[in-house]
Amino acid sequence: MTVKLGVPSKGRLMEKTFDWFGSRGVTLSKAGSEREYSGVVEGVEGIELVLLSAGEIPRELHRGRIHLGVTGTDLVREKLAHWDQSVKELAPLGFGHADLIIAVPRAWVDVETLDDLDAVASNFRRLHGHRMRIATKYHRMVREFLREHGVADYLLVDSQGATEGTVKNLTAEAIADITSTGETLRANHLKIIGGEPVHRSQATLFKSRNAPWADGERDAYLALMRMLDLDG
Ligand SMILES: Nc1ncnc2c1ncn2[C@@H]1O[C@H](COP(=O)(O)OP(=O)(O)OP(=O)(O)O)[C@@H](O)[C@H]1O
Ligand SMILES: O=P(O)(O)OC[C@H]1O[C@H](OP(=O)(O)OP(=O)(O)O)[C@H](O)[C@@H]1O
């Protein structure tokens, strides 16, 4: 039996995860061709590499189908209700930084804070006949954040990509999305409101609280933790 380690299957998250493990003596690599989604682990026995979409790793951890997984803290919090009951954070990895923020058109000169947004939202329906729309794929986190900050009169509209374009396309008045350099916001004439972001995300190594541990797996896990210099 092997300990299953889930890692993003493509892009910078995959490469930086491979680098992070590699610099600690655990070599992760893709098996076979670049397009094959299975992997190889060298440097420690009994660990199996499973290459998955970053967005699926939280659910696989929750279901206990992988023991360990690397993904963004934003995806874990968004995809799992009571995420900390399903997974444990073992280590932030120091890359994949992104802030989940709320942004409005730069032209809304009077809107800088969440209180301002609340004031706009309260008047919006009266003025426009529908509630202020916020486009996002982070429904759970945004709803919770706005409730905590007393903003109530809005409608979340789902946007699974190119979210910053929804304002220009008149399908939303505001957006909630992740940003790292801020380029996409600037290019779409949007500005961040409020002080702290909804969430500061980075790639993190998680351990499932639900995965069953077969004979030998615990030892392989502890050997990996020693290599990574983690408590586990
Ligand atoms: N500039 C950025 N753009 C997109 N994601 C970023 C950025 N910076 C960090 N991230 C993080 O990367 C993770 C998303 O990775 P990725 O887009 O590969 O996941 P995914 O949604 O599973 O993608 P796909 O469905 O295309 O496989 C999130 O945790 C996100 O916070
Ligand atoms: O602050 P920036 O450095 O400009 O990065 C932020 C952008 O990156 C992500 O999009 P991604 O490229 O993953 O595509 P998506 O729109 O499909 O989510 C995110 O959704 C923002 O649109």
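## Ligand 1

For the residue classes used here, Ala, Val, Leu, Ile, Met, Phe, Trp, Tyr, Cys and Pro count as nonpolar, Asp, Glu, Lys and Arg as charged, and the others, Gly among them, as polar. On that basis, the shell around ligand 1 has six nonpolar, eight polar and one charged residues. A quick word on what you're looking at: this is a predicted model, where local features need pLDDT of at least 70, side-chain atom pairs count only at pLDDT 80 or more, and totals for chains, interfaces and linings use all residues. Residues are numbered from 1 along each chain as its sequence is written, while chains are lettered from A and ligands numbered from 1 in the order in which they are written.

A residue is near a molecule if its C-beta atom, placed from the backbone, lies within 6 Å of it. Ligand 1 has 15 residues around it, and Ser53, Ala54, Gly55, Gly72 and Ala98 come nearest. Helix H1 (11–22), strand S5 and helix H3 (73–79) are the elements that give two or more residues to this shell. Helices (H or I, at least four residues) and strands (E, at least two) are DSSP runs, numbered from the N terminus.

## Ligand 2

Over at ligand 2, the surroundings are Gly161, Ala162, Thr163 and Glu164, plus Asp177, Ile178, Thr179, Ser180, Thr181, Gly182, Glu183 and Thr184. Sorted by class, that shell has two nonpolar, seven polar and three charged residues.

Strand S10 (174–179) and helix H8 (183–187) each put at least two residues into the shell. S10 gives the most, with three.

## The chain overall

The protein chain has nine helices and 13 strands, and its C-alpha trace spans about 65 × 35 × 25 Å along the principal axes. Of its 232 residues, 38% count as buried, meaning that 20 or more other C-beta atoms lie within 10 Å of the residue's own; exposed means 12 or fewer, partly exposed is in between, and C-beta atoms are placed from the backbone.

Two residues are in contact if their C-beta atoms, placed from the backbone, lie within 7 Å. Among the contacts with a separation of 6 or more, 68% come from residues 24 or more positions apart.

UniProt, in an unreviewed entry, lists residues 54–214 as "domain: ATP phosphoribosyltransferase catalytic". Its positions are given in the numbering used here, feature names are shortened, and annotations may be inferred rather than shown by experiment. That stretch is 32% helix and 29% strand, and its end C-alpha atoms are 26 Å apart.

## Strand S1

Six of the six residues of S1 (residues 3–8) are buried, so the strand is largely enclosed by the rest of the structure. Val3, Leu5 and Val7 point one way, Lys4, Gly6 and Pro8 the other.

As for partners, two strands pair if DSSP finds at least two bridges between them. S1 runs parallel to strand S4 (residues 47–52) over six bridges, and in S4 Lys4 has Glu48 as its bridge partner. Two bridges also join S1, again in parallel, to strand S5 (residues 68–72), where Leu5 stands opposite Leu68.

## Helix H6

In helix H6 (residues 139–148), Val142, Phe145 and Leu146 are buried. They sit on the same side of H6, because they cover an arc of only 95° around the axis, taken from the directions from the helix axis to the C-beta atoms. The cover over them includes strand S8 (132–136), strand S9 (154–158) and S10.

Gly150 follows H6, with a positive phi near 75°.
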